[in-house]
Amino acid sequence: MKKLSKDTLMSFVNYGIVILFYIVFQILASTGNLSSTMKGQLIPIVSYVIMALSLNLVVGISGELSLGHAGFMSVGAFTGAVVSTALTDGIPNTVVRLLISIVIAAVMAGIAGILIGIPVLRLRGDYLAIVTLAFGEIIKNVLNCLYVGVDRRGIHFSMNSTGALDLQEGGKVVINGPMGASIMKISSFTCGIVLLLLVLFVIQNLIKSRHGRAIMAIRDNRIAAEACGLNVTKYKLIAFVISAAMAGAAGCLYALNFATVAPKKFDFNTSILVLVFVVLGGIGNMTGSIIAAALLTVLPELLRQFQDYRMLIYAIVLVLVMIATNNEKIRGLIKSIGKKNKQESSGKEAA
Amino acid sequence: MSNQKETRYVDVPGPGRIPERDKGRGPVLECTHLGIEFGGLKAVEEFNIAVGATEIGGLIGPNGAGKTTVFNLLTKVYQPTHGVILLDGKDTHGMSTAQVNQAGIARTFQNIRLFDKLSVEDNVKVGMHNNVKYHLPSSVFRLPKFWQEEKRAHESALELLDIFGMADLADVKASSLPYGAQRRLEIVRALATKPKLLLLDEPAAGMNPSETEELMNNIRKIRDTFGIAVLLIEHDMNLVMGICENIIVLNFGKVIAKGTPEEIQNDPVVIEAYLGSQADETGSEGFAASAAKEAQKKKAEKEKAHMSEVEEASVDVEE
Ligand SMILES: Nc1ncnc2c1ncn2[C@@H]1O[C@H](COP(=O)(O)OP(=O)(O)O)[C@@H](O)[C@H]1O
Ligand SMILES: [Mg+2]
């Protein structure tokens with residue numbers, strides 16, 4: 001029997017974690033053991049896990065620093081709001097409407113990624129950090145004065161006010177400047193989990209292919225990668241655009257879980273929060289991203305009842321996550337446990 | 001000292017001569033008036049050579065002579081300020097490092113540049129990147145083309161590693177290899193790009209005599225099995241005189257001598273350049289390789305750390 005490589009094993013572990021998470025919470029929900037706060041947190045958790053995974057593709061695998069990941073989430077969120085509203089009458093099935101919204105949101109965020117990536121990724125140095133930081137702020141400010149409405153004639157845009165949209169009777173204002181988007185809640189936990197599994201599938205397959213090897217080779221040694229005939233800009237762009245598209249999809253999933261979403265939700269703090277998930281989970285470590293993003297998204301909510309100790313517990317968990325995912329000794333321990341298992345199983349094989 | 005029969009050379013039009021056996025194919029590399037200036041410093045000037053299609057050439061000279069700079073010019077890490085580089089008769093003007101590699105020049109680095117976090121096998125597979133052919137959708141969705149090509153890549157990566165007996169190290173992380181093995185892996189990775197010309201920058205640095213001996217045999221084996229040209233920079237005179245058919249000596253950026261090992265060993269200008277600074281080490285007869293080696297090694301050791309830093313820094317500046 002062909003032995004599974006460690007990486008392949010980890011990929012399956014990651015799928016397993018996600019599926020286990022889904023099953024546990026589905027059971028809790030169906031048996032009525034899930035508080036309504038927790039229920040409300042399920043889709044945000046999934047969205048932030050996707051955000052962390054996709055940012056890890058840029059930061060961990062491609063080795064570039066992006067400080068505006070929430071910008072792509074924002075593009076996806078507001079695209080999703082407009083698309084899903086515009087399709088309300090045309091496509092009554094909410095699952096289909098959600099899927100179409102997510103796809104278009106991902107495409108729009110991907111296009112934003114291309115527009116930023118092409119000029120910036122050709123440069124050497126940390127320009128991407130600066131430009132993505134600016135992008136996040138610009139997107140927020142543009143959305144702050146964007147008004148979008150939908151009526152029977154189609155979609156209307158304005159940068160002034162809702163009045164300028166000139167909607168017909170029965171028309172709806174979808175995006176109302178700083179007030180954000182008013183949305184029909186159509187996201188579902190199940191759809192979110194499917195999206196998350198797809199994102200994991202794409203990232204993990206990408207990493208273990210010629211394209212992923214090229215991306216990581218460029219990260220490890222740009223000059224040697226060029227000397228091996230690799231087109232550096234192309235592969236940095238591939239990683240960046242895929243990541244942006246995934247963030248767009250996450251943004252759409254997130255937005256369509258709420259009645260309203262304001263542009264300021266996706267500001268610099270959110271970008272940094274996602275970066276914190278990635279760093280705490282371990283740069284380049286997908287399992288770590290999943291766990292860190294899930295824990296740290298849900299924790300502040302869970303701790304509301306312990307007002308006084310909330311920040312203390314949050315800090316302790318931060319430290320624990322960091323130790324568990326980045327500490328060499330603990331990793332070694334986990335590895336040695338893994339080895340023991342392997343020896344046992346290979347012993348069985350031999351017998 | 002030279003343990004091989006002398007190669008017979010023929011003159012070709014252009015900057016030099018190539019082995020008679022390569023006459024039919026013409027030179028794989030021709031440089032004419034090649035040079036580069038950093039600010040006012042002429043790091044390399046008037047570099048003229050021809051390399052035959054299956055020739056093993058050597059580039060020697062004291063530290064700081066401009067040898068690595070020549071490699072950086074050939075691979076377009078630096079854009080030349082003067083001269084022409086013809087690869088298989090085609091001008092490489094305006095090409096990027098990646099394009100030059102695709103056109104047929106592969107190299108190793110004096111200060112090792114592996115993909116540290118990748119496995120040995122993946123390092124080789126990155127070298128094979130342009131010869132493994134499937135598109136992004138095949139990667140992401142694991143289409144049949146992916147499996148076919150990856151299987152082929154895996155097999156040829158192991159085959160290439162086997163040249164240096166490294167197939168059993170395939171799963172090891174590149175950065176955890178011992179020094180000598182890292183140098184060998186760089187050669188394998190370069191070979192994986194299917195070059196016509198292989199540039200080796202101090203391949204024996206840090207190797208013990210038996211490793212060096214094995215390396216010599218392997219360089220010859222590579223030339224013979226793949227039918228490619230090799231140009232190498234090396235301070236180990238046993239290696240240079242043992243396998244190079246043609247040697248170019250650089251000093252202060254200029255070519256001060258060219259010729260067969262025999263010719264170089266007896267060239268007074270070369271002896272002067274190499275041994276001039278070590279006045280107390282006279283008494284060596286001819287091109288006393290051992291003396292030169294000792295002196296050079298001492299100097300190299302002292303300067304190695306410094307030089308690689310300089311190279312690293314200067315390359316970064318160039319970026
Ligand atoms: N990018 C650069 N900028 C300035 N000087 C450089 C640069 N690269 C190399 N040099 C100089 O060119 C000379 C030749 O260096 P090098 O080619 O590394 O010598 P070596 O023969 O030891 O390989 C040295 O004086 C070095 O400092
Ligand atoms: Mg050098």
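A: The model is a predicted one. B:Gln182 has a relative accessible area of 12%, and because this is under 20% the residue counts as buried. Its side chain comes to 3.4 Å from the backbone oxygen of B:Ala174. B:Ala174 is also among the residues that B:Gln182 touches when those up to four places away in sequence are not counted; the others are B:Ile112, B:Leu114, B:Ser175 and B:Leu177.

Chain B also takes part in a metal site. B:Thr68, through OG1, and B:Gln110, through OE1, coordinate the magnesium ion (ligand 2) at 2.0 to 2.1 Å. B:Thr68 belongs to helix α1 (residues 67–74) and B:Gln110 to the loop between β8 (105–107) and α3 (120–127), so the pair ties together parts of chain B that lie 42 residues apart in sequence. B:Thr68 and B:Gln110 are both buried.

Elsewhere in chain B, salt bridges link B:Arg21, B:Asp22, B:Arg223, B:Asp224 and B:Glu245 into a network.

Next comes the interface with chain A. It involves 33 residues from chain B and 29 residues from chain A. The two chains bury about 2,700 Å² between them, and 62% of that area is on carbon and sulfur atoms. The interface has 17 residue pairs in polar contact, counting pairs with both residues at pLDDT 80 or more. On the side of chain B that touches chain A, α2 (97–103), α3, α4 (136–141) and α5 (144–163) each supply at least two residues. One salt bridge is found across this interface. A:Arg213 and B:Glu150 meet in a salt bridge through their side chains, at 3.0 Å from N to O.

Chain A contains 13 helices and five strands. Of its 351 residues, 52% are buried. Among its contacts between residues at least 6 apart in sequence, 74% join residues at least 24 apart. One of its helices, α6 (residues 189–207), has 19 residues and reaches 27 Å from its first C-alpha to its last, close to the expected 27 Å. In that helix, 14 of the 19 residues are buried.

Over all chains, the structure holds 21 salt bridges. One of them joins A:Glu226 and A:Arg124, whose closest N and O atoms are 3.2 Å apart. A:Glu226 is in helix α8 (residues 222–227) and A:Arg124 in the loop between α4 (94–120) and α5, so this pair ties together parts of chain A that are 102 residues apart in sequence. A:Glu226 is buried at 12% relative accessible area, whereas A:Arg124 is partly exposed at 28%. Another salt bridge in chain A pairs A:Asp151 with A:Arg153 at 3.2 Å; A:Asp151 is buried, with a relative accessible area of 9%.

Helix α5 of chain A (residues 127–144) contains A:Leu133, which is partly exposed at 31% relative accessibility. Apart from neighbours within four places in sequence, A:Leu133 contacts A:Leu67, A:Gly68 and A:Phe268.

Definitions and conventions. Residues are numbered from 1 along each chain as its sequence is written. Chains are lettered from A and ligands numbered from 1 in the order in which they are written. This is a predicted model: local features need pLDDT of at least 70, side-chain atom pairs count only at pLDDT 80 or more; totals for chains, interfaces and linings use all residues. Side-chain values use heavy atoms; hydrogens and water are left out. Helices (H or I, at least four residues) and strands (E, at least two) are DSSP runs, numbered from the N terminus. The expected span of a helix is 1.5 Å times one less than its number of residues. Buried means under 20% relative accessible area, exposed over 50%, partly exposed in between (1.4 Å probe, protein chains only). Donors are N, O and S atoms within 2.8 Å of the metal (3.2 Å for Na, K and Ca); water is not among the atoms, so sites may look incomplete. Contact means heavy atoms within 4.5 Å. Buried area is the accessible area (1.4 Å probe) that two parts lose on being put together, summed over both. A salt bridge is a side-chain nitrogen of Lys or Arg within 4 Å of a carboxyl oxygen of Asp or Glu. A polar contact is a pair of N or O atoms within 3.5 Å; within protein, one must be able to donate a hydrogen and the other to accept it, and residues adjacent in sequence count only if both atoms are side-chain atoms.
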